[in-house]
Each structure stands twice: as structure tokens, then as C-alpha cells.
Amino acid sequence: MTGTLHVVGAGLAGLSAALHARSQGRDVKLYEGAGQAGGRCRSYHDNRLDRVIDNGNHLVLTGNTSVQAYLALAGVPDALEAAPAADFPFVDLATDERWVVRMNDGPVPWWPMAPDRRPKGVGLGPMIRAGMILLAGPKHTISALCGGEGYAHTRFWEPMSMAVMNLPPDMASAKLMRATAIEAWRDGRLARPMFAPNGLGAALVEPALQALEEQGTPAQYGHLLRSVERDGQRITKLEFSRGDAVEVGKDDDVILALPPHRLSGVMPEIDVPEDASSILNAHFVVGAENLPADAPKILGTVSSLTQWIFVKGDVVSLTISAAEYVEGSEDQEEALLARLWSETKQALSLSPELEYKAGRLVREKRATFLQTPENAARRPKQTTPFQNLFLAGDFVDTGLPATIESAVRSGERAARLAA
């Protein structure tokens, strides 16, 4: 295969594109504007906590086939550890009721029929109505299609929508949620959560960078794309902020794996989703000796500011998705940490007198594009009007919500299209 493939952006979409293109025998150049790779899925050492933490709590499922292929190309097929079953524990902090949503293994999803497998207080009727998600059209929201009241809303659709769509169910695209239902919820063997024991960077970013470097494609940092030159239907030059310019040869191709606001800045003729939805994360160093031996690695909470709790060694990490739509998430740091820590102690049954050793709030203002039906319709295709330009990123039209799987799959497809 002749010609060089220029990949701009070393987030998961760009890393995936580079790995797949290298596996096809393509010469690849990888450029990144920041000083590190990973984009919105990375790990770093936090001085206040004195721990390596992830910049966000991302969930990968065993049915995420593109992530599995990506890890294999990076040489670390076992970097993520799968839970033994598709079990998702929950607690209602208003009533202290606890339950486990337990999806059954096998091609027939009968688990909603069993009272001890569905959310507590949710009857069979609302769970049957949940199947309406399979009929989702491009203009449906989740609530409009599947119901927006009662425990089915607060104990099922709201936690799922916030986790997958980063939006409340009365705003979120039902069509995008349908894709998750088809790919993962239909079989418990595909819906088991997968965990990164040493952080997302060690599992998803560093092995990919090492594999690419060994194959002659080291990431070139500090290359912030400033402009793109065009000649007819081809991209001919990439100009970076430091004054560097890369000529794009007649046999070369380009993949832009940039976030939507960056892409629109250099390619305004390409329509992209407008607006973004944020995620707020809180991290507490608790001390392993203070955590119950049977503390779940993931715990959903309702009737609370907190939505999901992740236990990672002696660090407890909390997620508040779509934070701008959650009352109380804009409070000052000290008051917000105090409230979240109180919820953490109740949820994990910790001693009421226990104090955390260190705490940190992390806001990701552009965590995902705003996944409403209207904005989802603006997702660009991966092909463009230019013969040698292709797009990658979780916001392009993969058919999936803006997840790790969507980002990785977009890179895989972009490399295939460029081939």
C-alpha cells in the first residue's frame, strides 16, 4: 500500500486509526496538539491525592468488540478485567433500599421478567414498555418513547441514560440508546463491565503508544492543527501552530480525529454537533483499611447528587453525568465535596465519623457532544467531500452513543476507508 496516512489527534479515535492502519501495512504519521495522548480518556498523577487517577470514569462492556480488537492490536488483549456477571448494584439514598440489576446470560433477555433481577419497585409492565426502545426513531427521546414517571424512570432509565448518553432521559436520543440495547443489553455475556486495574492510561493509551512507536509511528506532540489547505477535492497541506507544515502527497490520506469544536475551526464546511454536555467527577482517597472487603467496584446511586461510585484500590471515584442539568453540582468545592463524601459514606456503609484523606473535583466541560435527537442528526459521516480526508471521533456517525467503543470504532472504520 503506497502513500502515508496522516492521523491528526492522538485520543482513542486517533490511536485506533493508527493501529488499524499499521496492521494493514500502511505508513502512518501521528500528530497530537497536546503534550500527552489519550484526549478525554487518560490517567495522570494528582499531587493533592498523590495517586494516579483517570480524568473520567468510563465504562467498557464485554460486548464492545472494537475495544477488544484495539487492545489486541496494542498487544494487551487482557488489559481490562471483566466482571464475572452483568450485575449492577444500586442503592436509593433516600430510603436506603438496595438491589441488583442482573442481566442473564444467553440470547434471550428474560431477566426483566424476574422481580429479583430488575430494579426494586419496578413492575413487569414498565419493563415491558422499556422494550419500546427497539422501535426508536430519530426524533424520539427516551422518556417520550419508554415513559418518564415512577420508579422505572428514576431507578432504570435515568441511571442508564445518564451513564450511556450523558443526558437525562427526557433529552437523550432514544435511537442512540437503542444501539446500546442491541449491542449489549440483549445478552448478559455482552454487558459485563470491564475494569482497568491500573487506570485507563495503562490499559488503553500507553500500550497503544508503545506498539505504534515499535512499529515506527511515534506520536508527535505539540502539533496543534491550525489550518488545512485544499486543492479541488484533495487535502494538500497540514499547517500546525508552531509553524510546521506537512505536505500531503498525491497518494497520501488524512484522518482528522479532533473534537467537534476543533474540527469546525479548521474545516468549517463540515457540519458537526453543536453544544456539549459535561461530567463532574470527585475522587476521594479513603484508605484500603477503611473500605469493606466486599465493596463493589461499581455502584449506582439514586435520590442523590452522586450517580455512580467506582472503587479503585483505596480511591473512591464518583461520577455526576450531565452535571449542568443536575441541581447542586455547581456548588463551591468545599461544600460539594462534603455533600458527596456524605453520600459516599452512606452508599458504601462506611463509618459516619470517617473522614477522607484527600479529595479532588474534576470537571470535564466537553465530555460528550449534546446527544439530543436534534444534535445527533448533525453527526458527520466519516467520509468527506475530499477524496483523501476521513473523520474519526466519538461524535461522528458511528450509530453508537459517544462512548469509548464509539471512539475506537470510528478510528477502525476511518483506517478501513482510507485503505
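Trainee: How many residues sit between S17 and S18 in their hairpin?
Mentor: There are 2 residues between them, and Gly313 in the turn has a positive phi of about 65 degrees. Keep in mind that this is a predicted model: local features need pLDDT of at least 70, side-chain atom pairs count only at pLDDT 80 or more, and totals for chains, interfaces and linings use all residues. Residues are numbered from 1 along each chain as its sequence is written, and side-chain values use heavy atoms, with hydrogens and water left out.

Trainee: What do the H and S labels stand for?
Mentor: They are DSSP runs, numbered from the N terminus: helices are H or I with at least four residues, strands are E with at least two.

Trainee: In what sense do S17 and S18 pair, and over how many bridges?
Mentor: Antiparallel, over 5 bridges; S18 covers residues 315-321. Two strands pair if DSSP finds at least two bridges between them. Trp308 has Thr319 as its bridge partner in S18.

Trainee: What stands opposite Trp308 in S16?
Mentor: Gly300 stands opposite Trp308. S16 spans residues 298-302 and pairs with S17 in the antiparallel sense over 3 bridges. That hairpin has 5 residues between the strands, and Ser303 takes a positive phi near 55 degrees.

Trainee: Is S17 mostly covered or mostly open?
Mentor: Mostly covered. Of the 5 residues in S17 (308-312), 4 are buried. Buried means under 20% relative accessible area, exposed over 50%, partly exposed in between, with a 1.4 Å probe and protein chains only.

Trainee: Zooming out, what is the strand order of the sheet?
Mentor: S8-S7-S16-S17-S18-S15-S19, an open sheet of 7 strands with mixed pairing. S8 (98-103) and S19 (358-369) stand at the edges; each has a single partner strand, so one side of each lacks a neighbour in the sheet. The twist averages 25 degrees from one strand to the next. Axes here are lines fitted to C-alpha atoms, for helices over the stretch in contact, and angles run from 0 to 180 degrees between N-to-C directions.

Trainee: How many bridges join S15 to S18?
Mentor: 7, with the two strands running antiparallel; S15 is residues 276-285. Ile279 stands opposite Ser321 in S18.

Trainee: Which helix packs on the sheet?
Mentor: H9, residues 333-347. H9 touches S7 (86-92), S8, S15, S16, S17, S18 and S19, where contact means heavy atoms within 4.5 Å. The direction of H9 makes about 100 degrees with that of S19.

Trainee: Switching to H11. How far does it reach?
Mentor: 21 Å from its first C-alpha to its last, over 15 residues (404-418). That is close to the 21 Å expected at 1.5 Å a residue; the expected span is 1.5 Å times one less than the number of residues.

Trainee: Enclosed or open?
Mentor: Largely enclosed by the rest of the structure, because 12 of the 15 residues of H11 are buried. Among them are Ile404, Val408, Arg409 and Glu412.

Trainee: Now salt bridges. How many in the whole structure?
Mentor: A search finds 28. The criterion is a side-chain nitrogen of Lys or Arg within 4 Å of a carboxyl oxygen of Asp or Glu.

Trainee: What does Asp253 pair with?
Mentor: Arg26, with the closest N and O atoms 2.6 Å apart. Asp253 is in S14 (253-256) and Arg26 in the loop between H1 (12-23) and S2 (27-31), so the pair ties together parts 227 residues apart in sequence. Asp253 is buried at 11%, and Arg26 is buried at 2%.

Trainee: And which residue bridges to Asp314?
Mentor: Arg51, closest N and O atoms 2.7 Å apart. Asp314 lies in the loop between S17 and S18 and Arg51 in S4 (51-54), so this pair ties together parts 263 residues apart in sequence. Asp314 is buried at 18%, whereas Arg51 is partly exposed at 27%.

Trainee: Last one. How many disulfides?
Mentor: 0. The test is a pair of cysteine sulfur atoms within 2.5 Å. Cys41 is buried, at 4% relative accessibility, and Cys146 is buried at 5%.
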